[in-house]
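Please look over the sequence and the 3D structure shown here before reading on.

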Amino acid sequence: MSSSLRHVLRPLLVLLALALAAFAQDAPTWQYEGEAATLTSQLQEGANVRTPATAFDSALVTPNDFSGFRAVLTSPTEGADLGLLCSSAAALQPPTPGYAEYQSDRFGTASEEVFISPRHHRADGTQLRNVICYVYNSGQAEANFSLSVQLVYNLTTDTAELAVADALHSRCCAGAGQCAGWDADATAGGTQPAGYDLCYARGSICTNSGQLTQLDLAGEGLECDFPLEEIPKFPELNSLFLQNNNLTGNMETIAISLGSLQSLTEVVLSNNTGISGWLSQASDGGVCRLPLQALSVLEVDGLGLEGSLPACLVGEASKLQLLSAEGSGLSGTLPEFATPSLQVLLLSKNDFTGSVPESLSRSGGLRTLDLSSNSLGNQLPDEWGSAPQLTAVSLAHNKLEGPVPVSLAAHPALLELDLSGNQLVQFVAGASDVEKSKLTDLSLAHNSLQDGLLTALYAYPALVTLNVSSSNLQGSLPAPSEGQLKSLLYLDLSSNGLTGTISPDWSSVGIFTQPAAHPAQLNVFDVADNKLNGNLPEFLGIAAGNTQARALVELQGNTFDNGCADDFANLAGVCASASPSPSTESPAPGESPVPSPEAQSPNPDAQSPTPPGGESPAPPPPDTTTGSGSDLSSGAIAAIVLSVLIACGIVAGLVVYVKRKRRHTQSDANIFGGNTRFEKFEDDFTQPSASLELAGGRQGRQDYGYKADPETP
């Protein structure tokens, strides 16, 4: 089971303190049955939950024979999307999907499990005790659940498997600083068996008889050829997490080796850049030799692969639910998709060509699709309504053309849609479909869209972010009607050809009435670099409280009549682009200009005003009657003036560049980074969580599905 979309599905936490100390020597199981309505999308933290009185305290359990405890979460509710998070009560904050010392959020399974041992020490060196576990529901429906907690005594790794673990450590952990976490967990105090016991490696799980079922050495610094001989000697292994290491080898050979493990359900090898070769060059080779009837998760992001995506992975016989090969060097055309089980497909940053297969748009179970940053072209297929569970789609930065299919623009379940960086010309959906839309995040930036688009987009009732920058929009900037864009927190219409004025009606949109989605962010209203003019509305001024501390307002590159007024001193760049107000009338031919009354003021302390254009008044001609004037010729004076003007132009250009750089840096951080909805489609999605490092845990069994930023409180 996986935490679904980052931000969109709002993980809900339920505090369950684990009452274990009373069961010290009998190794019983404490069972808590969740009621039918316990976990819903409206549940507040701790509501409707019977909480046991005490927390697990490892100091109260005899340390000589106590190995730890396993917590197992199951749910009988079909399609339930639950997760289990545990941390020390001494942690800086309670466990959340982005901050937990132990996390089980598996994709496509009906159970979650963590094993916590008093041998595990926290990052600050303190003993792990007083453990608090949370159950959370990241689905969109209520779910029943059962959480069992069992004390484990005298856990000893199977003798044969312990020898395999020692051989694995000897071959892959020889360097200084390698496998530090494994070493610390395996050799901590107590009566542990000799050797590098994998049953105590944080994130790994063994049966009570000591056979390894989950091997998690992610980020341990393993540096060796892939252990082709050792890994298959763990016969009960079902989950293998070796991502973020320095393993090398041929991918086809590795897959054939793993094919002997018929219980494998999860294989994650991402970010081992030394693993290269094809996924499979034959229909029955390479990854096609994996137990595809059992395998639900395959992640090979960031490898040095070549060749195409094998059809066997997405064929009718495959049971894969999550397939991720982002930035792995794959190419060619995409195969036909026939597997009914596929829910998440992540193939961004490769070199796929051809069209998006029509069969993909008809995948009934598909929820998340990311094909961004490839070379896919032609028009999109028009069968997206046949994928009723589709919630997130990114086809950004391809060569797609033509209109966006109505079945995609009006998809009733879609939450996030990124089509930026293509050659699309139309985005249209029926009014009745738009009224029912759940779409919160839409990017159509860098396309060639038709006029009249904005009025149609304003009708989407749930929009939070909207980016239509650099998309050749022309005509007047339409104002939202009453009740529209109430949820909108980010708007980018910059670098188009929009004309007209900014209506006061914009003051009612969410950007100016709602707090930012995260305390460290600003709401954004960006219409810079268009052809807007007229007077700025009062609600943008200082008197209305709309300073840059509330919303980032970008207006530069337009021409506003009142841009230099004191009320708008909070807005960068609007004064420089304001229309100059002439202070004198053009003189008739042969007449000298008549100075304004202010220029005739006898006040010697008065300073000459600078016109809105920023140029200083021309100096009076030199007095040539005394012989003390300038000896420079008129040509030399002209050259000096020209040089000064060029220097001013360079300075002005630098100022504009700095402001534009600042604007794009802040804007991009808001729309595609931080806590916003499109973060999954950015390069930093696969980076380890800094909060997990602070908590002292490795990524371990993290969310191996589409994971949007968890909105850590």
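## Parallel strands around β13

D225 stands opposite T248 in β13, and these residues belong to a parallel pairing of 3 bridges between strand β11 (residues 223-225) and β13. Strands, like helices, are DSSP runs numbered from the N terminus, with at least two residues (E) for a strand and at least four (H or I) for a helix, and two strands pair if DSSP finds at least two bridges between them. β13 also pairs with β15 in the parallel sense, again over 3 bridges, and there the bridge partner of N250 is S276 in β15.

## How the model should be read

This is a predicted model, in which local features need pLDDT of at least 70 and side-chain atom pairs count only at pLDDT 80 or more, while totals for chains, interfaces and linings use all residues. Residues are numbered from 1 along each chain as its sequence is written, and side-chain values use heavy atoms, with hydrogens and water left out.

The predictor's confidence in each residue, pLDDT, runs from 0 to 100; its mean over the protein chain is 74, and 67% of the residues reach 70 or more. Over residues 189-193 the pLDDT is below 50, and this stretch has 9 contacts in the model beyond near neighbours in sequence, where contact means heavy atoms within 4.5 Å. Residues 654-713 also stay under 50, with 184 contacts beyond four places in sequence. Where pLDDT is low, the predicted coordinates should not be read in detail.

## The chain as a whole

The secondary structure of the protein chain comes to 10 helices and 35 strands. Of its 713 residues, 52% are buried, a term that means under 20% relative accessible area, whereas exposed means over 50% and partly exposed lies in between (1.4 Å probe, protein chains only). Among contacts in the chain with a separation of 6 or more, 69% join residues 24 or more positions apart.

## Helix α3 and its cover

Helix α3 (residues 251-258) is mostly covered, with 6 of its 8 residues buried, namely M251, E252, I254, A255, S257 and L258. What covers these buried residues includes β12 (239-241), β13 (246-250), β14 (266-268), β15 (274-278) and β17 (304-306). At the start of α3, a side-chain oxygen of N250 reaches to within 3.0 Å of the backbone nitrogen of E252.

An open sheet of 3 strands has the order β30-β32-β34, with parallel pairing, and its edge strands, β30 (474-476) and β34 (531-532), each pair on one side only. β30 is joined by 3 bridges to strand β32 (residues 497-500), and Q474 stands opposite G497 in β32.

## Cores and a buried cysteine

The largest nonpolar core has 121 residues, and F427 and L555 have the most contacts inside it; such a core is a set of buried Ala, Val, Leu, Ile, Met, Phe, Trp, Tyr and Cys residues joined through side-chain atoms within 4.5 Å. Leaving aside neighbours within four places in sequence, L555 is in contact with residues including I502, F525, L536 and V574. A second, separate core of 19 residues includes L73, A80, V135 and A143.

Where is C206 placed? C206 lies in strand β9 (residues 205-206) and is buried, with a relative accessible area of 4%. Not counting residues up to four places away in sequence, C206 touches R70, C199, Q211, L212 and T213. The C-alpha atoms of C206 and L237, which are 31 residues apart along the chain, are separated by 9.1 Å.

Definitions and conventions:
Polar contact = N/O pair within 3.5 Å; in protein donor to acceptor, adjacent residues only side chain to side chain.
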